[in-house]
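Please open the model in your viewer and keep the sequence beside it. The tour below goes from one selection to the next and says what is found at each stop.

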Amino acid sequence: MLATFVVTLAAAMALALLARRGQHKADPRAFFAAHGQFGAVLFFMLSVGETYSIGSVLGFPGGVVASGSGLALWFIGYILLAFPVGFVLYPLLWESGRAAGAITLPDLFRTHFRSQTMERIVAGILILLMLPLGTMQFIGLSSVLGALDLGLPTPALGFFAAILAFTFVAVAGLRAAALISILKDALMLGAILLVATLALSHWNYHPTRTMAEALRHTGAPSLRVDLFAISTILVQSLGFCIAPQTAAATFSARNVASIRRAQTWMPLYMVLFPLLFAIAGYALTHKLDASRPDATFLAVAASLLPGWALGLVLGGVALTALVWLGSVCLSLAAIVTRNIVPDLKPHHQKRTGLIVIAVYLALSVLSASFHTVLIANLNTLFYLGLVQLVPGIVTIVYGHHRRIGITLLGMFGGFAVALALRDSEINLYGVNPALIGLVCNAAFLKAFNK
Amino acid sequence: MTIRRQIFIALVIPFAAVLIPMPFLASLDWMPLGIPVALAWMFCCLPLTTLCLIIAGHHQN
C-alpha cells in the first residue's frame, strides 16, 4: 500500500518538474497564472478540479451518510448549475480581466473602481474566506495519511502533509497544478469506478438494512430540507464561479472560445457522482465503521480493495487535496503579492508568495487539528462570504458605474445579514441565509445605483 | 439567435430543470434502482445541461 502511494506522488512530482521547463523564471505572472496560455484542455483540467476535490470525493459520501439524500441534492445541484453560470459569466470575466491586465479578482476591482482601497479590502475578504478551504483539504489529507498506518501521531501527519503541499506548490506553480490535475483526475475517476463497482458487486453480501431504511434513518424529506437545497444551490452555483482559484483559471485561458468549449462538457464530467452515491449507500447498508462520516469513501475502499490498489486510491485522494491546495495557495499568494503589497520588485514577489503559502498551510494544518465539523459545513461557510462579491463583479463585467462606498456597504451589509441570520433563532424555514444576504446586497446596490 | 435566447437556453432551462421539480420529487418515496427519484432526476440533468450549452454555444458561433 505504501509503495504504490509513494509511486503515485513521485509521478506527480515528475510532472511538476516537467512543468518548470520553458518557464520565464523572473516573471511572477508565469508562476501564478501560466502566462494566460491555457487552451481548452488545460483550462478544463484546472477548472474541473473542484468537481472531484476532497469536498466531493470525501465530503459528498460523508455528507450522505451523515445527512441523507437532501445533502446529495444540493451538493450535486450547485456544482452542476455553476457550469451554465460560468458559460455566461466567464467570457465576460475574461474580457474584463484582459482589458485590466488582471490575474486576480482584486485587480479587477482596482481597475474598475479606480481605487487601491477597494482592491485591498476585496483582497482581505478573499484571504479570510480561503482559510476554511485549506482546513477542508487537510482534514482529507489527514484521513488519507491516517489510512496508511504509518504509526505516526496526527500532528506529525498534518505537518508531513503541509510539507508535501508546500513542495508541490513551490516547484512549478499553476502550470504544474494543471498537469498534475490530469494524473489526479485519471486516478480519482479510476478509484471511484473501481470502488463503486466492487461495492455494487458485493451489495448482497450481508447487508444489515435496505437503502430505503438507511436513508429514512438519516432524515426524512421536508419543506425545510427542500428550501435549504434550492437556496443553497442558487447561492453556491454563483459563488463557485467567483472563487479566487476559479477566477485565476479563467484569466489563464487563452481565449473565450476555450472557456466556452470547456464549460460545455463539464456537466458530463460529473457522471461519476451516481457512483459516489452508491459508495455512500454501501457504507449505510453494510454498517461500515468509519471513524467519522468524511472517512466513508476511504473506509469502503479499505474494506474492498487489496493493499496495493488501496495505495493508489490513497495516492489519488492525496493528489486531489494537493492539487486543490496548490490552486488555492497560488491564488492566495497572487492576491497578497499583487494586491496587498504590490510594490515588491518582481524577483521578490515569488519569494514573498512562498512565505505567504507556508503561513497559510501552517494555519490550515492547525485549524484542521481542532475541527469538529463536516467538510460540507466548512464549504457552506466559505460560500456564505464569497457570494457577497457577486453584485460587485456583475457591476464590473457589465461596465456599470457605482460608488465605492455603496458597493462596500452592500457587500459587508449582505455578509452581516447572512451571518446574523445563520447564528440567530429566527426561523428561515430552511432558506440559506447567504441567499437572503445576497438579495439584500443586490437590492441595496440597485436602490443606490447612481 | 439573440443574447436573451442564448441565456435562456444556457441558464434558465438548466436551472428550471433542476430546481422546479425538486420539492415534488423529493417528497416521493419512489426509489428507482435504489436511488431516490429526486436524485435520479438530478443525474439526468447532467447530460441535459451539456445539451443546453451545446445549443447555446452553437448559435453563439
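Contact here means heavy atoms within 4.5 Å. This is a predicted model, in which local features need pLDDT of at least 70 and side-chain atom pairs count only at pLDDT 80 or more, while totals for chains, interfaces and linings use all residues. Residues are numbered from 1 along each chain as its sequence is written, chains are lettered from A in the order in which they are written, and side-chain values use heavy atoms, with hydrogens and water left out.

Begin by selecting the contact between the chains, to which chain A brings 33 residues and chain B brings 27 residues. About 2600 Å² is buried between chain A and chain B, and carbon and sulfur atoms give 86% of that area; buried area is the accessible area (1.4 Å probe) that two parts lose on being put together, summed over both.

Next, select A:Leu73, A:Leu81 and A:Phe87, which supply 20% of the area that chain A buries against chain B, more than any other three residues.

Finally, move to α9 (residues 131-147) of chain A. Just after α9(A), select A:Asp149, which takes a positive phi of about 55°.

Note on methods:
Helix = DSSP H or I, 4+ residues; strand = E, 2+ residues; numbered from the N terminus. Expected span 1.5 Å × (residues − 1).
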